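Here's a quick briefing on one protein chain. Have a look at the fold below, then we'll walk through a few of its helices.

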Amino acid sequence: MIERTGELEQARLETLQRLALAAEYRDDDTHQHTERVGHASMLIARQLGLPDQMVQTIRDAAPLHDVGKLGVSDGLLLKPGELTAQEFQIMQQHTMVGAVILAGSSSCVLQMAEQIALTHHERWDGSGYPDGLAGEDIPLTARITALADAFDAMTHARPYKDAEPVDVVLAEIRRSSGTHFDPAVVTAFLTLDHVTLLHQTLSDREQTLSDLDQTLSDLDQTASARDQTASEQDEIASARDQDAREEAALPRGRAARARDASARARDQAADLRDRIADANAREQDRWSASRVNESADAEAVDYAARDRARAGADPESSARDRGRARQALPEQY
Ligand SMILES: [Fe+2]
């Protein structure tokens, strides 16, 4: 909430500064006149011992003193040399135009600015315009701003005149005390450091530009850091995608390898079974063949025994031969 209020206040002040800039834009190629008038008015007000709140308000309000020049044509505003009486009368209207532009605001800054815009060309002796006010009938804020405005206008060049030396200007101000200017305001003004006053806002401006450069540099660094972070995030995302692709490919490879190994194992097992079956078959063949031979031998022995019996040979010997022949036969025989 405090930050928001600060932003609104900053935006309000910036709006006022830009309004003042619009008013001075055509006849001050440095665009610093109004800011210098505001700064000098603040210093004079402080020197006069005015309350701090009023000092700060005049700092913001005094730059708007010539906002009514928005209603003056370029031909008249930028005319070199003396104005005709009619032209001067038109030029004087910038006080009333400015008051109209600033009128009706609830802002204390704009209310003070309206007062200053209307009366900053009044003179202490009553010879000013637009109403010929004199002395303390002229608002103090306008008496202060009138001196700050005159000092700055005389010490700086304009399209239609050259700048005058500070000592010449100060001498003119002393001579005008009690006629053009309020003597108390002149006394306060003469105590200020005028050389510094001439360049004060220039220094402020340089500081502002320096601050802006620093801000831009900070923004560049922030943008660079943001780009770096985005780049790193892209790399992380890319690496994550690569990992995901590899992870997706990995199970398929493992499964394929597992299937191949299983198939090879099955093939090897089948081959082993075939080789065992072949070996068993060959062994069975060998065993069967040996049995057949043994059977043939036994049968031959049996036949021989029977031949011997028929020939009257030893019956016991024939019986042993038959018994061995039967034991040698397989059971299925
Ligand atoms: Fe003016």
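Reading along the sequence, you get the pattern α-α-α-α-α-α-α-α-α-α-α-α. That comes to 12 helices and zero strands, where helices (H or I, at least four residues) and strands (E, at least two) are DSSP runs, numbered from the N terminus. This is a predicted model: local features need pLDDT of at least 70, side-chain atom pairs count only at pLDDT 80 or more, and totals for chains, interfaces and linings use all residues. Residues are numbered from 1 along each chain as its sequence is written.

**The whole chain**
- Of the chain's 333 residues, 23% are buried (20 or more other C-beta atoms within 10 Å of a residue's own, with C-beta atoms placed from the backbone).

**Helices α2 and α3**
- Helix α2 (residues 33-47) packs against helix α3 (residues 52-61) at about 160°, with axes 7 Å apart (axes are lines fitted to C-alpha atoms over the stretch in contact, and angles run from 0 to 180 degrees between N-to-C directions).
- That angle makes α2 roughly antiparallel to α3 (angles over 145 degrees).
- In α2, Gly38, Ser41, Met42, Ala45 and Arg46 meet Met54, Val55, Ile58, Arg59 and Asp60 in α3 (contact means C-beta atoms, placed from the backbone, within 7 Å).

**Helix α6**
- His94, Thr95, Gly98 and Leu102 are the buried residues of α6 (residues 94-102).
- They sit on the same side of α6, because they cover an arc of only 105° around the axis (the arc of the directions from the helix axis to the C-beta atoms).
- Their cover includes α5 (85-92) and α7 (108-119).
- After α6 comes glycine 104, with a positive phi near 85°.

Terms used:
Parallel < 35°, antiparallel > 145°, perpendicular 65-115°, else oblique. Contact = placed C-beta atoms within 7 Å. Buried ≥ 20, exposed ≤ 12 C-beta atoms within 10 Å, placed from the backbone.
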